[in-house]
Amino acid sequence: EFLVQHASTDAAWSTSLALVADDPANPPDVQYFGANMMYGKVKGDWGKLPEAHRGPFVQAVSGALTALAQKPTSVLAARRLCMVMAATSVRSGGEATDALVQQALDFAQQGFASGAVEGVTLALEIQAAVADEVNDQRYDVKTALACALVPRIVEVLATSERVLEASVGGNQSSLASLRSAALHAALAWLRMDSGGGGGCVLSLGQLGQSRRGLVVGALEALAADDAAVADAAAEFFVAVVSPAAQSWQSNPAEETAAIVGVCRGLIAHGERAVALNDPCASEDLARNVCVVAVALCERDADVAAGIDASPEFLGLMECVLRLVETRERPVMEAAADYFLMLNTVPTSTRHPSAGAPLFTRLASSCLKHAELPADFTSWEEADEDRDTFVRFREQILADLLGNCQAQMRSGYLREVGTALMESTSWRRAEACVFAMRAVASYLRRDILEPTQEGSAEAEQSSAMLEQLLGTIGEAGRAASAAGEAGFAAIAGSNAFGSHPLVVESTARMIGAYAPWLGGTPRGHARLETVLVYLLCALRVPAAFRQASHAFRSVCARCAKRLHDANTVSSLLDSITNALPAAPVIDGSEGKKDEEDDRSAVIEGIARVIASMPDPTAGADFAKRLVAPIAARAQGHMSAANLAQARLDLLGAEVRLMAAAVRFLEFSNLANSRGAVVEHPAVAVLSAAWPTLSALNAEPWRSSPEVVDALCEVYTRSLLCAKAMAAPLLPHLLEALRDAFVAHRHPSCLDAIAVAAEVFSAADPAQPGVSRVHDPAVASEFGAVLLACTQAAHAALSQVPIAEQTELARATFELAHKYALFAPDILLASPALQPAMNMACAAIGTNQKFVVRSALGMMSALIVPGEKAGITATWQNGRAAVDGWAAGRGEALVRAALRAGGDTCPREMLRPMAQLLHAVRGRYAQAADAWIVSAVGAPDFPSQSQPCDEDVRRVFCELATRAVNPQVDAGGRRWIAMVVDFFQICLKEADKDALVAHQM
């Protein structure tokens, strides 16, 4: 702490010089610390150093640098002193910087003449530091310095060229160790573009003409044993061949010759990388060749793969393809963009060798890279990182395979299908199944939306899919016939049952082709067999997640082909046997997932039931669907007491009931005789009511897991059945009210809010306002609102709102829903003013969702809307709001202003300003007085960070002046001004931000 404080003092200049001195008392780490302190002083305080002291300081640094450069142990400190020298010269102007560059050139010349590596090292470090420092300056300074230095670039690049030339042809010169520094320095100078466009000062052609040895040496460095040198060379070429490096002054012939030369160099390196017996062959070399090839293709894909592509570019294409065929995953990752860029060239203008033949070989290579490691058993034991592998397959390989399919069309399915049938290991089979799934979206488009010229290809692809899924269906039938043994019985004879991961991948593939299954005649023919496979896959724990999701997708897409009574009955029997009694946790990801994948199966069946033409039959099947779930819930409730019960399992079963009800939306509730029948969702709720009513009582309603799940059931039922849930509404409201009053579960309030919305409707007599039309139901909603608000008020009064954020949020959102859908109930309720008091207090917290809900409620009450505000409901009822504002309006304005300037979450600043605008629009002069009183306090917005008095005065003038509605329609300018004021208080904007609002 002392050293940090000392670094900000003037004494740090002399201290840092003393620490970098060539003194036995200064070990290398102390010297580095001193150099680092010195660099920070120059960057931050150079302008404060007196002019008379600057020259001697620079001379002292130069002397220290010369001394440290001779000591290998002090190399890090010496490098940092090079940065100090560069920083001082750049801040002293172009003349001083040019002088330092000349000094670096002198160091290099002396080093080359004497064979001393130290001098050349100093030269390169200074050159790189100068360029980096110039590039870090603001635009005008950078432009001036670059214009002064760029004319010397050819001269400066000679140092890097000399170093790289010394290593060409395998020469082990002492300068070879400096190649990385030479490449860094050269690239830093090439990037010193005065135009600020991110390009290079010299194009590749110009560089080849002026410093050809630099280009040749950089090409040779790509094959260096030192990975740092090879990576620096790759970075060098990526920069100099990029489109931004092309200069209008360059000669096209020179550019072409230089590019061809680079291509030849890359091909030579590629041949060495493919020849595994070459001592220079390495993954790094292959990867760097691909990296530079990508840059060349991005420079101009038409030149790289067009109809007139040169032999060199065609050779490079073959080279990259051979590298991905023979090398490991890092090479494929590096080369992926090369093939993606090739595919941007229109097929009509593309070279024949860059079409289907190329991508057929690429697809085969992708299959190889998509395979799991040969020694793979499970992700827990694998050396392979699961996330890395999945990301590689799902992002890189999937993209490449999509491009392969676009070129190969139906040939893609033929190639992958053949590889699948010929696979000799489960890992190969799993990779082939992945390749089938990766192109599902492209194939669906080609088959379901074929063009006139692509109809034949679409028919061939569809036929191949039918054949593939037929084979999968046969595996499913065989597994089903094996009974409990399932896929284990056919693991040695059928690829689609050879391993749990193959079953998982196959199930996922089936889900991807669900639109094809439901949208084509060939798909309809395979529907039954793939469902058999998925039902068997549900019994494989490793595949359960993907199988359940695929089952839901197939049921959703094919519901109308599955909704006959016999099929539904068969599906219900099958899932009853296949569905686990407890949630399946996918351990392959190494963490517990909160989602119960069993709900996907339940939702899939529910979608089929909802498509049945007879609602009575649908209700019967829905009851059958829920019955085993309710039975399992009853089993969990048989525990002797709450402590012994598995509340997580009980909550999971109740949530499955919610999943069953969620999609039971019938478009026609008339039975075969034309009579309107009970809504199936209500029928399910009624059938399960014995279980649900038991959960509504103690001790179960004290458990958040159970009550949250119950509320989800009620919410889904209300949203599904809507007004037809009226017979159950009194019971639901009573259960929700009692559970909340007893235990303050926020989910109860959310469910009540949904009920209020569902049972409200527009009032024909008062356009713009909604209400609950049934007086008895309205009375029930009023009683529930009062009881819940009183309970919430009591809880929030005892414990700070910040510690009960969910309760506060749900309370305000409930009142907000009432204000929107049942304002007559809210405005007449004794609960109104306590709710407004709570919201006023909540506005001052820093809890985003609490503040948002409180602002929403208060804004809806103060400004209900243009149409709603003139209705009798609001005209007669808003006296309660105005009465509260008369006594508490000033407190509301003070809380909003202080919160906006201090504690308010940043995304809530504008809503806070909108609330203030609403208050001012409603209460005019009184609101202006409240604003002036709040902002005029000396400790505004907080005692620790009060706002400047002049800023507060200007804000009060702006906030209280008359607004012309024609100029500031909707108060947008006024609101923007308040937000700017808040940002000034938060130190996120300068006080000048208010100047524009004064005009």
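Accessible areas here come from the Shrake-Rupley method with a 1.4 Å probe, and for residues only the protein chains shown count as cover. On that basis the chain exposes about 42,100 Å², of which carbon and sulfur atoms supply 52%.

Some ground rules. This is a predicted model, in which local features need pLDDT of at least 70 and side-chain atom pairs count only at pLDDT 80 or more, while totals for chains, interfaces and linings use all residues. Residues are numbered from 1 along each chain as its sequence is written, and side-chain values use heavy atoms, with hydrogens and water left out.

The overall picture, then. The C-alpha atoms fill a box of roughly 105 × 85 × 60 Å along the principal axes. The chain has 47 helices and 2 strands; these are DSSP runs numbered from the N terminus, H or I with at least four residues for helices, E with at least two for strands. Of the 999 residues, 53% are buried, where buried means under 20% relative accessible area, exposed over 50%, and partly exposed in between (1.4 Å probe, protein chains only). Taking a contact as heavy atoms within 4.5 Å, residues 24 or more positions apart account for 72% of the contacts with a separation of 6 or more.

Now to helix H4. H4 covers residues 51-68, 18 residues, and reaches 26 Å from its first C-alpha to its last, close to the 26 Å expected at 1.5 Å a residue; the expected span is 1.5 Å times one less than the number of residues.

Which residues of H4 are buried? They are Arg54, Phe57, Val61, Ser62, Ala64, Leu65 and Leu68. They cover an arc of only 165° around the axis, so they sit on the same side of H4; the arc is that of the directions from the helix axis to the C-beta atoms. Ala52 and Gln59, on the other side of H4, are exposed. The cover over the buried residues includes helices H2 (11-19), H3 (28-45), H5 (75-92), H6 (94-114) and H7 (117-135).

Two of those covering helices supply my last residues. In H5 there is leucine 76, exposed at a relative accessible area of 51%. In H2 there is alanine 18, partly exposed at 46%.
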